[in-house]
Amino acid sequence: MKNYVRLSIFLICIFTLAACYPTQKFTDPSLVITPLSDTISIRDGSIVYGLPRTVFTISVEMEKVLKIPGPYARYATDLLGLKDVIQNESESWSIEGIEVKSNDELDPSEFYVIKSNTLFQSNILALRKEGLILDLNPAIYNSKTIANSNNKNDFNEFHSYDMGSDEYYISQRDTAFKRIKVDSTFIRIPYVVDKKKILTIDQLAEKAAKRLMELRDGKHLILTGEATVFPQNDAALNEINRLEKVYTELFSGKILKETRTFVYQIIPEKTMIGKKTSLFQFSELTGPVASSKKDGVTVSAELIPEGKTKDLTILNRKPPEKGTSDFDKLYYRVPDVVNLKINMGNEILFNSRKLIYQFGEIIKL
């Protein structure tokens, strides 16, 4: 009887262990990550994420200088002794500075799908600061970029109503005669006629020069204390200096400067490596011109990667063989260090090291 009980217990243990032993291989993992394509079906609960790419925003600050001759430029030497004054109107441009900003955006050629048969919980989408995966809703698209030139200069030429003279015409009296018939004869009766004669450009220049010398004499009297002004502050001298500048510019000409900022964008591609990519054409006479024209010097960008991520390719495994489950790897991109140069002809305007995602390697985590 005891042997029968022992045999029964032994058989029960054997059946229990046999039921717990697996009779087939484990099923495939519930997490599958594949590149997005037109043949991939997306089920509810799947997550689509994209790898970042780098975009450069290049702000070029240019200065425009406009030289306008004064209406009395040809009399500057004779009346005021000024030499080398502006005789002809001219325009010139120069590049004052370059600023390059890089920002990240979704790469439309690098989208991936995360499929899961169970509730998917992970912090992989919170790794943007470490340079792994871009947020699904990046805040950069909500920001506004405004470019303006803040032009406060008046580029109008000298106006005819401000020629610096105290009068623009002179009155002349002349005697005229009219014939009147008295009885059978005609007699001539004189009368006075007032005529106004516009001053010539020579006379206007001479009057403006005299006014300018009077201003200088008045300033000298104030500075030496021979003349007393009220109120006792620098308001009178400031106004005299302003008028003196205005009258002098009637002879010497005026130089006007304006600063403008032009913004260009470039999306780096691997086909640009070692080549110069044209941004715009620049002319010292007309400023920036269309890239299709050949009126100026080409301003180009040159990208030279340092290859810091080329050794990461050893981390990339071969594509999974048929029947294996190697789809649970997270794709992400490591940026590479690139030397960015901006040249104008043979002159280097900007040289800096930047991180560019497109030139890095896509590996699996």
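Let me start with a term: patches are made of residues with over 30% relative accessible area and no salt bridge, where like charges are joined within 9 Å and nonpolar side chains (Val, Leu, Ile, Met, Phe, Trp, Tyr) within 5 Å. A salt bridge here is a side-chain nitrogen of Lys or Arg within 4 Å of a carboxyl oxygen of Asp or Glu. Accessible areas come from the Shrake-Rupley method with a 1.4 Å probe, and for residues only the protein chains shown count as cover.

Now, what are we looking at? This is a predicted model, in which local features need pLDDT of at least 70, side-chain atom pairs count only at pLDDT 80 or more, and totals for chains, interfaces and linings use all residues. Residues are numbered from 1 along each chain as its sequence is written, and side-chain values use heavy atoms, with hydrogens and water left out.

On to the patch. Ile180, Val182, Ile187 and Ile189 make a nonpolar surface patch of about 260 Å². Strands β4 (169-182) and β5 (185-198) are the elements that give two or more residues to it. Strands are DSSP runs of E, at least two residues; helices are runs of H or I, at least four; both are numbered from the N terminus. Ile180 sits in β4. Ile180 counts as partly exposed because its relative accessibility is 32%. The cut-offs: buried is under 20% relative accessible area, exposed is over 50%, and partly exposed is in between (1.4 Å probe, protein chains only).

The overall picture next. The protein has 4 helices and 11 strands. Of its 365 residues, 29% are buried. Contacts are heavy atoms within 4.5 Å. Among contacts with a separation of 6 or more, 77% are between residues 24 or more positions apart.

Now the interior. A nonpolar core is a set of buried Ala, Val, Leu, Ile, Met, Phe, Trp, Tyr and Cys residues joined through side-chain atoms within 4.5 Å. The largest one has 23 residues, and Ile58, Val100, Phe280, Leu303 and Ile342 have the most contacts inside it. Strands that each supply at least two residues of this core include β2 (47-68), β3 (90-116) and β10 (331-344). Take Ile342: leaving out residues up to four places away in sequence, its contacts include Ile58, Val100, Leu279 and Phe350. There is also a second, separate core of 18 residues, with Tyr72, Leu199, Leu204 and Ile222 among them.

Last topic, charges. How many salt bridges does the rule give? The count is 12. Asp107 pairs with Arg333, with the closest N and O atoms 3.1 Å apart. That pair links distant parts of the chain, from strand β3 to strand β10, 226 residues apart. Both Asp107 and Arg333 are buried.

Arg216 and Glu244 form another bridge, at 3.3 Å, N to O. Here helix α3 (residues 201-224) is linked to helix α4 (residues 235-252), with the partners 28 residues apart. Arg216 is partly exposed because its relative accessibility is 30%. Glu244 is buried, at 15% relative accessible area.

Within α4, Glu249 and Lys245 lie 4 residues apart, about one turn of the helix. Their closest N and O atoms are 2.6 Å apart. Which partner is buried and which is exposed? Glu249 is buried, at 12%, and Lys245 is exposed, at 51%. Finally, shared partners join Arg216, Lys219 and Glu244 into one salt-bridge network.
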